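This report describes a structure in terms of its elements, cores, helix packing and selected residues. The sequence and the coordinates come before the account.

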Amino acid sequence: MARAAVSGRQSAIVRWLAVWQVILRTIAATGGNYLLTSLIAGVMARLLPFAPSEASMTATLSCFLVFALLAMWVFAARSVLRVYVLMAGWSALLGVILWLSLRAWGRL
Amino acid sequence: MKAGLRQSMAWLHTWTELLLGWLLFAMFLTGTAAYFNDEITRWMQPEIEGEADPIDSAIGAAAYLREKAPNSPSWFITPTSERQVVTNVFWRPAPSDEGGGRGRSATLDGQGTEVELRDTRGGNFLYRFHFDLHYMPVIWARYLVGVAAMFMLIAILSGVVTHKKIFADFFMLRFGKGQRSWLDAHNVTAVMALPFHLMITYTGLVTLATLYMPWAIAANYADSGTYFEALFPQDAMEATGVAAPLTPLRPVLEDALSYWPDGHLGTAQVSNPGDTAARIMVFRSPGDTVGTRAERLVFDGVSGALLSTPPARGAARETESVMVGLHAGRFAGPALRWLYFLSGVGGTIMVGSGLVLWTVKRRQKLEDPDRPHFGFRLVERLNVATVAGLPAAVAGYFIANWLLPLDLEARAEWEIHCLFILWGASLVWAVGRPVKRAWVEVMAAGACLYAAVPLVNALTTSRHLLASLTKGDWVFAGFDLSMLFFAVLIGLAARRLALHRPRERTPRVRGAKPAEALS
């Protein structure tokens with residue numbers, strides 16, 4: 001009896017954790033993903049060695065593949081924590097690069 | 001989620017597809033129909049037929065506009081073409097004009113006379129619904145459609161990972177085996193046209209790319225206007241206010257055509273007609289090249305001299321132009337156009353069968369399959385209304401075009417209302433009936449509606465199937481025959497479903513013989 005109650009509570013916790021996993025991964029795969037993809041596109045547009053309009057267009061055209069692959073990675077990654085740490089890290093790095101390049105030479 | 005890449009991809013695939021599946025189904029269906037946009041419009045305006053020379057039509061249209069809108073800042077003339085029997089003109093009214101702001105448009109015949117055609121949005125409604133939806137602000141519709149397309153891209157890519165055995169499965173089509181058959185239908189339509197689906201989804205996103213991802217442009221341009229100006233130089237000038245007669249159009253258009261050997265005339269734009277600053281921009285027909293950002297020549301509107309030729313495009317720009325062109329398929333001749341259409345039908349079936357598969361798969365896992373929970377029933381009913389109801393409603397749209405009184409106020413809008421009323425009715429029916437009956441009945445109704453389209457055509461106009469077949473009018477004959485084809489297709493599906501008896505849940509399976517299942 002008591003045992004069943006414990007395992008019942010355990011399975012409730014497991015289910016609750018699973019729900020949170022899905023919610024957190026969904027947030028990462030949508031909002032976080034859009035932010036990171038935008039930064040990747042922005043940095044590509046700044047740093048690709050083409051004319052500005054060509055670099056912007058190249059980045060715009062590729063960003064959908066980037067977004068899709070990142071979304072798949074978010075759901076395939078081993079842990080949610082890993083997803084968030086890596087996403088935040090890359091976003092910060094790209095954000096700094098973008099900021100530095102904007103400081104170095106302005107926009108048209 | 002902990003259980004390996006394939007499982008998590010399968011999970012992702014299932015849920016992304018379901019969440020936006022209904023919208024994607026509608027997008028696929030109307031987008032597929034839009035490959036015959038011009039032909040549908042011609043069928044829906046049976047008053048006019050025949051052919052007219054594009055240059056003559058453009059000259060006629062310019063005469064019409066000189067009369068109607070001499071002070072307009074710009075005219076747009078889209079003359080007749082291989083696929084279009086009328087000339088469409090659009091103009092911005094002069095600021096001083098009554099009513100102001102909003103652009104006006106008219107439909108003209110080959111001589112530039114305004115023609116009395118029934119008020120309809122024709123195939124253009126299906127084309128616009130594909131990305132603008134209806135009854136909602138366009139901008140929100142486009143975001144929604146973009147989210148759906150992105151889900152579709154993720155569903156396709158994760159679907160490829162899920163169905164690694166997909167090529168083995170491909171040779172093991174199992175008809176008449178319940179869930180297995182739905183899965184096979186889903187896989188076969190998905191794999192056969194996988195390159196098409198991937199292409200159409202990606203290029204679809206590209207058509208509205210700068211709306212969804214403006215940041216790559218923002219990174220280089222403080223004002224996106226600068227970017228678009230660099231891409232599409234306007235060349236129009238401020239009006240000087242000094243009157244000067246517009247140069248005759250024929251030499252200008254003939255000049256333009258000689259610039260493009262084998263080319264065709266697209267839209268001609270005249271800015272500041274009757275002013276010394278007049279310019280004539282002649283676009284090449286989008287049917288001429290895969291790339292859709294049509295080439296453009298600029299002429300002086302007073303002297304008729306060629307001022308500028310299309311600037312060379314960079315590789316990325318050219319890629320974008322070709323991607324959008326591949327999506328819209330305007331370059332496609334009849335054979336390729338049909339291939340586009342059939343691929344689109346395949347895509348529609350793929351999304352539809354994926355939606356059905358979702359419920360078939362889950363029904364077996366339900367605690368009490370005879371009394372499913374609310375969420376499951378909701379999905380089931382929405383599936384009926386979408387997969388069976390929407391095609392029926394589109395047939396209703398065509399029938400409304402023939403049956404609504406010609407002098408009805410806001411007639412074009414009412415045709416569209418008819419589509420949505422029918423679509424809504426199918427949902428009400430799906431909710432009110434046992435689900436299997438609802439499938440059969442809505443599909444049967446759809447088959448009847450499709451069969452009725454050529455019939456109503458025969459009863460209300462002189463351009464019925466026999467007449468168009470003997471005349472060799474392939475637009476009308478093709479349309480009527482396609483309607484009959486869909487009537488048979490949907491009818492057969494309804495019949496199969498009606499005769500289908502679910503197998504008993506016994507360990508010994510009395511499997512259907514393949515031959516019998518195929519019939």
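## Overview

Chain B has 20 helices and seven strands; helices (H or I, at least four residues) and strands (E, at least two) are DSSP runs, numbered from the N terminus. This is a predicted model, in which local features need pLDDT of at least 70 and side-chain atom pairs count only at pLDDT 80 or more, while totals for chains, interfaces and linings use all residues. Residues are numbered from 1 along each chain as its sequence is written, and chains are lettered from A and ligands numbered from 1 in the order in which they are written.

Of the 519 residues of chain B, 40% count as buried. A residue is buried if 20 or more other C-beta atoms lie within 10 Å of its own, exposed if 12 or fewer, and partly exposed in between, with C-beta atoms placed from the backbone. Two residues are in contact if their C-beta atoms, placed from the backbone, lie within 7 Å. Among the contacts of chain B between residues at least 6 apart in sequence, 69% join residues at least 24 apart.

## Contact between the chains

Chain B contributes 33 residues to the contact and chain A contributes 29 residues. On the side of chain B that touches chain A, the elements giving two or more residues are α1 (4-34), α5 (138-162), α8 (194-207), α9 (209-212), α10 (215-220), α11 (224-231) and α13 (315-328) of chain B. The residues on this side of chain B comprise 24 nonpolar, seven polar and two charged. Here Ala, Val, Leu, Ile, Met, Phe, Trp, Tyr, Cys and Pro count as nonpolar, Asp, Glu, Lys and Arg as charged, and the others, Gly among them, as polar.

## Nonpolar cores

A nonpolar core is a set of buried Ala, Val, Leu, Ile, Met, Phe, Trp, Tyr and Cys residues joined through C-beta atoms within 7 Å. The largest one has 117 residues, and F25(B), L153(B), I154(B) and A216(B) have the most contacts inside it. Helix α2 (residues 52-76) of chain A gives the most to this core, with 14 residues. A second, separate core of 29 residues includes L65(B), A69(B), L108(B) and L246(B).

Leaving out residues up to four places away in sequence, F25(B) touches T348(B), V351(B), G352(B), L355(B), T386(B), V387(B) and L390(B). In chain A, L70(A) is found in helix α2. L70(A) is buried, with 21 other C-beta atoms within 10 Å. Apart from neighbours within four places in sequence, L70(A) is in contact with N33(A), L36(A) and T37(A). L70(A) and P52(A) are 18 residues apart along the chain, and their C-alpha atoms are separated by 26 Å.

## Helix packing in chain B

Helix α16 (residues 411-432) of chain B packs with helix α17 (residues 435-460) of chain B at an angle of about 150 degrees, their axes 8 Å apart. Axes are lines fitted to C-alpha atoms, for helices over the stretch in contact, and angles run from 0 to 180 degrees between N-to-C directions. α16(B) and α17(B) are therefore roughly antiparallel; angles under 35 degrees count as roughly parallel, over 145 as roughly antiparallel, 65 to 115 as roughly perpendicular and the rest as oblique. Their crossing is right-handed: a crossing is left-handed if the near helix is turned anticlockwise from the far one by less than a right angle, and right-handed if clockwise. S426(B), W429(B) and A430(B) in α16(B) meet A438(B), E441(B) and V442(B) in α17(B). The residues of this contact are four nonpolar, one polar and one charged.

The axes of helix α3 (residues 54-68) and helix α12 (residues 249-259) of chain B come within 10 Å and cross at roughly 140 degrees. The crossing of α3(B) and α12(B) is right-handed. From α3(B), I55(B), A58(B), I59(B) and A62(B) meet L249(B), R250(B) and L253(B) of α12(B). This contact divides into six nonpolar residues, no polar and one charged.

## Loop residues

Y135(B) is not a glycine but has a positive phi of about 60 degrees. Y135(B) lies in the loop between α4 (122-132) and α5 of chain B, and is exposed, with 8 other C-beta atoms within 10 Å. N272(B), not a glycine either, has a positive phi of about 50 degrees. N272(B) is in the loop between β4 (265-271) and β5 (279-284) of chain B, and counts as buried, with 24 C-beta neighbours inside 10 Å.

H373(B) is placed in the loop between α14 (334-365) and α15 (374-403) of chain B. With 10 other C-beta atoms within 10 Å, H373(B) is exposed. H373(B) and W43(B) are 330 residues apart in sequence and 45 Å apart in space, C-alpha to C-alpha.
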